[in-house]
Amino acid sequence: MDQLAGRRRRRERPCGLDRAVHRRRNVVERCFHRLKQWRGIATRYGKNPDRYLAAITLASTLIWLQT
């Protein structure tokens with residue numbers, strides 16, 4: 001509340017928060033965070049694009065099955 005009051009005093013534009021957009025963005029950011037937990041994907045040891053895509057697919061599938 002203090003932050004909003006300060007913005008009104010300084011006549012700054014109010015910050016708009018679209019909860020639906022924030023919720024979708026949060027889901028995507030959490031997905032990337034969980035993918036980074038896989039060390040091979042985070043460091044990308046396999047430089048071959050086909051192997052990288054296969055690793056992403058495998059990790060995504062395993063993460064999806066855990067939830």
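The questions below concern a predicted model of one protein chain.

Local features need pLDDT of at least 70, side-chain atom pairs count only at pLDDT 80 or more, and totals for chains, interfaces and linings use all residues. Residues are numbered from 1 along each chain as its sequence is written, and side-chain values use heavy atoms, leaving out hydrogens and water.

Q: How many helices and strands does the protein chain have, and which pattern does it follow along the sequence?
A: Helices (H or I, at least four residues) and strands (E, at least two) are DSSP runs, numbered from the N terminus. The protein chain has four helices and zero strands. Its pattern is α-α-α-α.

Q: Is the protein chain a compact globule or more spread out?
A: The radius of gyration, taken over C-alpha atoms, is compared with a globule rule of 2.2 Å times the number of residues to the power 0.38. For 67 residues the rule gives 11 Å, whereas the protein chain has 19 Å, well over that, so the chain is more spread out.

Q: What share of the residues counts as buried?
A: Buried means under 20% relative accessible area, exposed over 50%, and partly exposed in between (1.4 Å probe, protein chains only). Of the 67 residues, the buried share is 7%.

Q: Where does W38 lie, and is W38 buried, partly exposed or exposed?
A: W38 sits in the loop between helix 2 (19-36) and helix 3 (39-43). Its relative accessibility is 34%, so W38 counts as partly exposed.

Q: How far apart in space are V28 and Y52?
A: V28 belongs to helix 2. In sequence, V28 and Y52 are 24 residues apart. From C-alpha to C-alpha, the separation in space is 19 Å.
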